[in-house]
Every structure is written in structure tokens, then in C-alpha cells.
Amino acid sequence: MRYLSTLGYSTEWLDALRAAVPGLDVQQITADKASDVPDEVWARVDVLHTSTVFPEPAVASRLRWVQLDTSGIDHVRESPQWASPVQITTIGGISPVPLAEYVMFGVLGLAHRLPAMLDVQATRRWPSASVRWEKFLPARIDGATMVILGYGRLGREIGRLAQAHGMSVVGVTRTARLRTPDELALLADFGRSGEGSAEVEVVGPERLHEVLGRADYLVVVLPLTAETRGAVGPEAVAALKPGAYVINAARGGIVDEAALLEALRSGAVAGALLDVFDDEPLPPDSPWWSEPHAFVTPHVAGLAPRYYEQVLEIVVGNLRRFADGAPLHNLVDRVLGY
């Protein structure tokens, strides 16, 4: 079985892969586009490990499986392999713990007025007692309601941490139900959402506006598909409970940025933490850089400290399943788009 990586994994990582899957023919050609790989190499590849490099099916006639080095697949839908019968899998499941921690960093930072505190530090002026009470009295976390739009692996881990802080959690899913144990068994998951999580309320998208009216915190962790694009549009933003906070750690295009910015400036929305945007990299003249009620971070919520170790575990497990003819973990559903 011939495996090709177009990425930049270290020699140690590739050697660990060889040791874990004896007999695997491992090759790595760091590439930015398909033409960077010789046609004679493509003709021999059975398994491709890549992020954005996809050959034409006719050039890679032996290719049977693409292991993405990404969790999202919105960039793959325009690739030549999308319409092919080749299996596509992701590295989903690596980010739940750090991403959930990022979300709670946002909840705590927004609730405790961190943007305003940073402004005070920058000015080097100690505010009076009355100003401190006026500007820095924290918003409520214990007893608040968090609505999580997208209650899969990421959403469950976020919900677990939110519950640990005394929050009520409402999950919004496409099916209005939690995944079954059999469905979860087909997903890689380095999260801890099964450890002592309390039950949560789960609703379908038809009830989104209803539950937004109860949301003290809205957290968006949906995959970007044709159905989810614009899911948090002007009507959804208007449906939010007055004074709510919005955290988007999903993809740009799901939240209507113009509607959210207007709501922030009017005071209808109290604050936002945004890790993703319609236009990335975020241009220097974007109003988000100077919006006083928003945190802006550069698409970092899903960075995982044990990334390479966990990717290796997913790839090795899937290579063994592939050799045995067993179902692969994190298999992309081309109909659902994720």
C-alpha cells in the first residue's frame, strides 16, 4: 500500500508511521499544488494525506482514499476529487479540548470585561471605585444559558465545560438529537464530553430563533455547508436575548458580520469573540480590529498542543481499517457536506 503526504511532517513522524504500519510504502513530497508531484508518483498512490492538494482522478487512477489534514472540508468541494468515488476522511476530533477551552476563555473574558481592562492597562490610569463598579461588574456566568449551534464533538466538550461553570446548555443540531453510540464509534474524538456531563436540551434548527431568545451566550461551531451558510443571519441576531454575547469558532460565512456589528454598536449584543471571518486574513482596514466590544483572534481556536501525536493516531488507525476493509473514522458524507 503506497501512502503519499504532500505536507511537511518531520522525519520522526514519518518513521513512527512506518513503524506503526509495517509494509506501508511512505513517501512525502511537500507540495502546494498537484503539479508539484510528478505524474508517475500520482499513478502509484493508494492513500493521499493532504490539506489542499488534489490530483485529477485520471492522473491518480489508483487513489482510493484521501486523508485530510483538516477538520473542515469546505475547501474540498471544488476539488477534482469531490465527484470521484474516493473516500475522504478528516482529522476531526483533535480540537474539542483546546477549542472548548478557547470558548470558555471567551466566556470568562467577555463576562469579566477583559477588553475594557486591557484599555485601562494601556492608559496606565487607575479608575475610581465608582468607575470600577460601572465598567467592570462581571456579567453572570453561573446560572446563565449557553446555546451551542452545532452540538457534535466540539459542542459536547464546550457544553461539558459550560456546565462545570454552572451554565445551562441548549444544543442545536441538524437532527434535533444526540448521536448514537454506534455513530460516535465512527468518529475520532480526543474530547472528554462523556466524563460526567449532565443532560442537555437538544433542539433542531427550526427552533433556533426560539432558543436564541434565552441565550446569554451563543456559541457557533457548525461546519460550513450550503445549508449552514448565513445560519446566524440578521433575523437570528435580532432574536438573541438582549445583552447576549456571541462566540464564533466555526467558519466565516455562518454569522452575518454586518448584522452582528450593528447589534454590537447598538448595544443589543453585549460583546463578541470572533476567531473566523468572511474575509481571511482579516484586512487591516476591517472595522473589527477597532470594535471595542469584540475580541478578534486570527483563526487559532482549534490549535491543539498534541496535534502531531493525535494526527498520527488517527492516520494509523485509519490505515489499519483501510487494510482490513473496515469503515474509516471521520468519513466525509458528501450529501451532508461534512
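How accessible is Arg2, buried or exposed or partly exposed? Arg2 is partly exposed, and its relative accessible area is 34%. Keep in mind that this is a predicted model.

Let's stay with Arg2. Its side chain forms a salt bridge with Asp25. The N to O distance is 3.8 Å. This pair links distant parts of the chain. Arg2 sits in strand β1, residues 2-5. Asp25 sits in strand β2, residues 25-28. What about the partner? Asp25 is partly exposed, with a relative accessible area of 38%.

Next pair. Asp46 and Arg62 meet through their side chains in a salt bridge, at 2.9 Å from N to O. Where do they lie? Asp46 is in the loop between α2 (39-42) and β3 (47-50). Arg62 is in the loop between β3 and β4 (65-68). So the pair ties together parts that are 16 residues apart in sequence. Now look at accessibility. Asp46 has 2% relative accessibility, and buried means under 20%, so Asp46 counts as buried. Arg62 is partly exposed, with a relative accessible area of 38%.

Third pair. The side chains of Arg177 and Glu183 form a salt bridge, 2.9 Å from N to O. Arg177 has 37% relative accessibility and counts as partly exposed. Glu183 counts as partly exposed too, at 29%.

Now to a network. Which residues does it join? Glu201, Arg207, Glu210 and Arg214. Salt bridges that share partners bring them into one network.

And the total? The structure holds 16 salt bridges. Among them are Arg2 with Asp25, Asp46 with Arg62, and Arg177 with Glu183.

Technical notes
Residues numbered from 1 in each chain as written. Predicted model: local features only at pLDDT ≥ 70, side-chain atom pairs only at ≥ 80, totals over all residues. Heavy atoms only, no water. Salt bridge = Lys/Arg side-chain N within 4 Å of Asp/Glu carboxyl O. Helix = DSSP H or I, 4+ residues; strand = E, 2+ residues; numbered from the N terminus. Buried < 20%, exposed > 50% of the residue type's maximum accessible area, 1.4 Å probe, protein only.
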